[in-house]
Amino acid sequence: MNIKRNIIFALEARKKNGVAITENVPIRMRVNYSGQRIEFTMPYRIDVAKWDAAKQRVKNGCTNKLKVSASEINAELTRSYTLIQDIFKEFELQELMPTTEQLKDVYTSRTKVEDPKSEELIHQKTFWEIYDEFTEENGKLSNWTKATFEKFAAQRNHLQGFNPNISFDDFTEEGLNDYMDFLGNKLEMRNSTVLKQIGFLKWFLRWSMKKGFHQNAAYETFKPKLKKPDKPIIFLTRKEQEQLRDYQIPDSKQYLERVRDVFAFCCFTGLRYSDVYNLRRSDIKDDHIEITTIKTTDHLKIELNKHSRSILDKYKDVPFKDDKVLPVISNQKMNDYLKELGELAEINEPVRETYYKGNERIDEVTPKYALLSTHAGRKTFICNALALGIPAPVVMKWTGHSDYKAMKPYIDIADDIRANAMNKFNQL
């Protein structure tokens, strides 16, 4: 996930008796992202005449009223800029679009002055205690899901398996390479998984350094280059959707009917599993759905079509817990049942997946049913919507995508579908 943002430093516009104030004016950091805006007040003020608006910094050689030099003030602005960029990178790693409140909470927690009396306690904490503090604090600030907590618990286990007595001093360039080698060779992880683990570790090391737990910045320049091809996008073609819809589910497997209905609803609305699971009857309007997404807190309005409406009508008189709209089971069970349903319905198209372990290229061909998951419903919606000629900006309004770059792989697929459809004219 790539969060587009614009970070600007400017002097606060203040007036007194209708006249603009030009002396001792607060410096503000303005952050614009995803249609949202938030401002932070910097700890210094400066006269308007001493401010370079083009460079967004204090002019060289100047001081403020408290005789703080331009170099010191500008260094603080750079630190603030780097900090807010790091925080965005952490949210991107979680694939989470932060609210302004979440951004403010994390930024404030990183800039608050530590109690000098706690310095001795900082150095008494073990590496593992600090790691647990990291997960607890960031989990609360960023409202981590259970899955995110599990990812960092897994990383804790990996680090312990690598070196039970590890310390921050061990994370030199050589130490980081050794850990990467451990993940790839000992734990036999794919390159893509290794890179994710290194990203999680960098997040922890960045946080702990800012907290004053260590001064080892080797992780900042550690940028491993591992081969990582794009994963295939798993989606159902319109023909496969019809194949799944028309399959006669045996009497002994009627539990698959509700799974099929929920999955089809994802295919015709573009909703993620978490949002379908959370969908309430109050979210259903006359001709559309209105929700605030769980993952990114986007407010979406998604028009109903005859397919999504027919599924809602099927269950409109069936009571579910918490006034939910559909019979959604756990994500894990639904993924298992989807694979079973796909196999029965003969969704057998071979899918080739290429990945690397170190420099070894591995090609696997798997029937599509074995790769089905709830998220394939959202991907199916996007691919088929684009193939039908619906403009990408319209699809993005429905799905909540704010970055056109994220839509590029789907647009490429849609172009292929349209090209193949054009070949049918050759048969006339």
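A charge sits over a ring if NZ of Lys or CZ of Arg is within 6 Å of the ring centre and within 35 degrees of the ring normal. K324 lies over the face of Y277 in this way, at 3.3 Å from the ring centre. This is a predicted model, in which local features need pLDDT of at least 70 and side-chain atom pairs count only at pLDDT 80 or more, while totals for chains, interfaces and linings use all residues. Residues are numbered from 1 along each chain as its sequence is written, and side-chain values use heavy atoms, with hydrogens and water left out.

**Charges over rings and aromatic pairs**

- K368 lies over the face of F235, at 5.4 Å from the ring centre.
- Rings of Phe, Tyr and Trp (its six-membered ring) pair if their centres lie within 6.5 Å; planes under 30 degrees apart count as stacked, over 60 as edge-to-face and the rest as tilted.
- By this rule there are 27 aromatic pairs.
- One of them is the tilted pair of F40 and Y107, with 4.3 Å centre to centre and 40 degrees between the planes.
- This pair links distant parts of the chain, as F40 in strand β5 (residues 36-46) and Y107 in helix α2 (residues 100-111) are 67 residues apart.
- Helices (H or I, at least four residues) and strands (E, at least two) are DSSP runs, numbered from the N terminus.
- Both F40 and Y107 are buried (under 20% relative accessible area, with exposed meaning over 50% and partly exposed in between; 1.4 Å probe, protein chains only).
- F152 and W203 form an edge-to-face pair, 5.3 Å centre to centre with 85 degrees between the planes.
- Here F152 in helix α5 is joined to W203 in helix α7, 51 residues apart.
- F152 and W203 are both buried.

**Cavities**

- On a 1 Å grid over the protein atoms alone, a cavity is a set of points where a 1.4 Å probe fits but cannot get out, and a pocket is an open set with protein on both sides within 12 Å along at least five of seven lines; lining residues have an atom within 4 Å of a point.
- Grid points are joined across faces, edges and corners, and a volume is the space filled by probe spheres set on the points.

**Second largest pocket**

- The second largest pocket has a volume of about 710 Å³.
- Its lining has 27 residues, of which Q241, A264, C267, F268 and H307 lie nearest the centre.
- α9 gives the most to the lining of this pocket, with 6 residues.

**L176**

- L176 is found in helix α6 (residues 173-186) and counts as buried because its relative accessibility is 2%.
- Leaving aside neighbours within four places in sequence, L176 is in contact (heavy atoms within 4.5 Å) with F171, L201, A218, Y219 and F222.
- L176 and I198 are 22 residues apart in sequence and 8.5 Å apart in space, C-alpha to C-alpha.
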